[in-house]
Amino acid sequence: MASNRPPPGHFELLYFAAASDFAGRNTENIPAPIVATDLFGVLEQRYPGITEKVLSSCAVTVNLQYVDLEGEDAADKDLIIQEGDEVAIIPPVSSG
Amino acid sequence: MSSVDAQIVALHAQIASCETQLQRLRDQLFEAESHRDISSGAATGQTPLSLVNVAPSSHPTETSEGFSHQEKGQKVAKIWPLDKHEYRRYGRQLIMSEIGLTGQLRLRSSAVLVVGVGGLGCPAAAYLAGAGVGTIGLIDGDTVEESNLHRQILHSTERVDMAKVDSAIASLKSLNPTVKYVPYHKRLTAEIALDIFDQYDVILDCTDTPASRYLISDSCVLLEKPLVSASALRTEGQLMVLNNPPLPAGNAQGGPCYRCVFPKPPPAASVVSCGDGGILGPVVGTMGVLQALETIKIITKGIQRSSEPPSLLLFSAFSNPPFRSIRLRTRKAKCSACSAQATVTREALESGSLDYVQFCGAVSPIDALAATERVSVVEYSRLYNSSDAAMNTQPSIKEHILVDVREKVQFELGNLEGSINIPYSAICRSSATASTDPLSQPPSEDGWVAQLRNLAEDRPIYVVCRLGNDSQLAVGKMKELGLDGGGTRWIGDIRDGLRAWRKRIDPDFPEY
C-alpha cells in the first residue's frame, strides 16, 4: 500500500486487515470532499454488506487522527474529508 | 479565557508540579530507606555512607547479608543499591539516561502480567525478563504445538505438548534466573481476572480473542492499571498503550480504554485467528517486542506519570511506510467502562453478568446445509477412486466436478487430483451483488461463475475446503447464483473438509 498522492478531487482511502480482505484491495481513491459521516454509505454502495460485516466495528482515521463519527453527539460528526486527505479504515485485530 | 478558566489551568499546572516533586521525594525516600535497612544491621551503622570504603575489588554485596566488616568493624563497605551482578547484567541499559539507576530500581520492584504466552507474549516476556522486571506473571491454558514454533520464541521442539506457561518459564529462567516467575495454567476468565491483575503494576494483553480483549481492558480500568495491548494477523499488527495514566473511571485525564477505541466487537463470523488467517513470525514478534518496550517506558518513567498522548501504532509489514502512528482521542465521554457513565462495574464483572463471550458473539459451528447436501469423506472417496480407476486421466472431472474453495496459496500446498480451485473470497464477493448490480463487479470475479456454467450442467458439484465450514457457505452461494439449475444439478459439500480426508482416507495428504 504505497502511499501515493491521490489525483485532484480525491482523497486516499487505506484498508487494513479485514477491511482490505472485504474490499479486495489495500487502497483506493474516492472523490472529495465528502462529509465524514457519509463515508460508510459511499463504501456500502461500492462493497455491499461491508458496513455490517466490517465497518460497524472499525476505527476511522483522517490524516492519522482517530475520528469519532458514531452517534448524534459524535465529536467529529461535522468533519469534511478534503481532497488529498489520507483516510484509513482500521478493524480491530484480536489475534496474536 | 475567563478568569475561572485561567485559575483551573493554573491549578492543574500546580498539581502536576507538586505530583512530580512528590514522586521525586518518594524515590529519594525509597533509596534512603534501602540504605538504612541494610546499614542498621551492621555494627557500625553510624558510619556515614559517603565515607565508607568503596574499593570495588573488595565490594561486599556478594555476601548474602549485603554487608561485611573490614578491618575489625572500623569501616562498613558501602551498600550499593543494586547487586554486583545487576550492574553487570543491566549495564548496557543502566548507562542510558532513559533508564539509569532509578529506572532499574523501578523495574526491579515492579510486577508485570503477561496474558497469553504465544506469538506476542513470548518476545514480550523475554525482553521484560532480560531488562530485570522483578516479577513476571504468565497466564495461558494452552500447550505448545509444533505450528507455534515459527513465532513463539520461548518454546522449543523438545517442549511440544508441554504447558506453554511452563515452557516459557523454562526459557526465561535460563535467560534471567533472578526474576520471580508466577505461572497461571489457565485461560483468563472474568471470575479470576481481578484477583490476579490486582497483584501487578502493568498488564500486557497478548491474547487472541475479542472477548479477552474487552475483559482485560475492563479489568485494567477497574483496578487502575496501565494496559499494553497488541495484536497481529498475517502481515499486520496493532499496538496501543491504554488506560494510561491509569486514573479512576470518570476522570477525563485518564488514558482511553479498549472500548473507547473499539466500542463494538467485530462480528463473530468475521474474526480470523492466526491458525486460519496465517501469521508471519517477525510481524507478531515485532509487536511483542514493542509491548515490552512500552512497558519498560511506563515503569521506568514511573506509573501514573505518563505524559505521552495516546496513540495506535499500525504496522503493515508489506506496505510503505510500514508504520503509521494514529493519534487517539481521550476517554470517550460515554464509554461504558471508563467514563463517568460507566456501566462496567466490579460487581457486574465479578458476578458474571458481563458475558464477554456473548457480547462478542459466540461462534457456533457452521451447519448451513441439509444432510442431503453433504457427503462424508468416506462416501466421496468411493466416488473419487472409482472414477479414478475407470477413467485414468482427469478422473473426477469426467463424472463430477470437485471445487476446492481454499485460497490459492493453500490449494498450492496440496490438493486432490482433478479439483478446480475457486477461492471462497472470490465466491463471497461475487454473490454479494451479482444479482442486483452486475456492473459494479470487476469482470474477473464473475469468471468463476461462467467457468462452472460452461461445464456440463448435469454433473454434480462437490465442494471441499480445509475444515468443512467455507464449503457449506460456498454451496449456499452457488445455489443463490443459480448454478444448480433450479434443482436439476446436485451441489453439496464434503463434510469436515480436507482435514477429515487426511485423517480417514489419505494420511499422506499435507497437514498444515
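Reader: Which residue stands opposite Ser229(B) in β7(B)?

Author: That's Asp205(B). A quick word on the background: this is a predicted model, where local features need pLDDT of at least 70 and side-chain atom pairs count only at pLDDT 80 or more, while totals for chains, interfaces and linings use all residues. Residues are numbered from 1 along each chain as its sequence is written, and chains are lettered from A and ligands numbered from 1 in the order in which they are written.

Reader: How do you know that β6(B) and β7(B) pair?

Author: Two strands pair if DSSP finds at least two bridges between them. Strand β6 (residues 202-205) of chain B is joined to β7(B) by three bridges, so the pair qualifies, and the strands run parallel. (Strands are DSSP runs of E, at least two residues, and helices are runs of H or I, at least four, numbered from the N terminus.)

Reader: What makes β7(B) and β8(B) a pair?

Author: Seven bridges, in the antiparallel sense, with β8 of chain B covering residues 236-242. Here Ser229(B) stands opposite Met240(B). The hairpin of these two strands has two residues between them, and Arg234(B) takes a positive phi near 55°.

Reader: Why is β7(B) called largely enclosed?

Author: A residue is buried if 20 or more other C-beta atoms, placed from the backbone, lie within 10 Å of its own, exposed if 12 or fewer, and partly exposed in between. Seven of the seven residues of β7(B), residues 227-233, are buried, so the rest of the structure largely encloses this strand.

Reader: Which residues cover each face of β7(B)?

Author: Leu227(B), Ser229(B), Ser231(B) and Leu233(B) are on one side, with Val228(B), Ala230(B) and Ala232(B) on the other, all buried. In a regular strand, side chains alternate between the two faces of the sheet.

Reader: Why does Ala59(A) count as buried?

Author: Ala59(A), which lies in strand β4 of chain A, has 22 C-beta neighbours inside 10 Å, so it counts as buried.

Reader: What does Ala59(A) touch, leaving out residues up to four places away in sequence?

Author: Tyr66(A), Ile90(A), Val261(B) and Phe262(B). Contact means that the C-beta atoms, placed from the backbone, lie within 7 Å.

Reader: How many residues of chain A are in contact with chain B?

Author: 30 residues of chain A are in contact with 46 of chain B. α1(A) gives the most to chain A's side, with three residues.

Methods. Contact = placed C-beta atoms within 7 Å.
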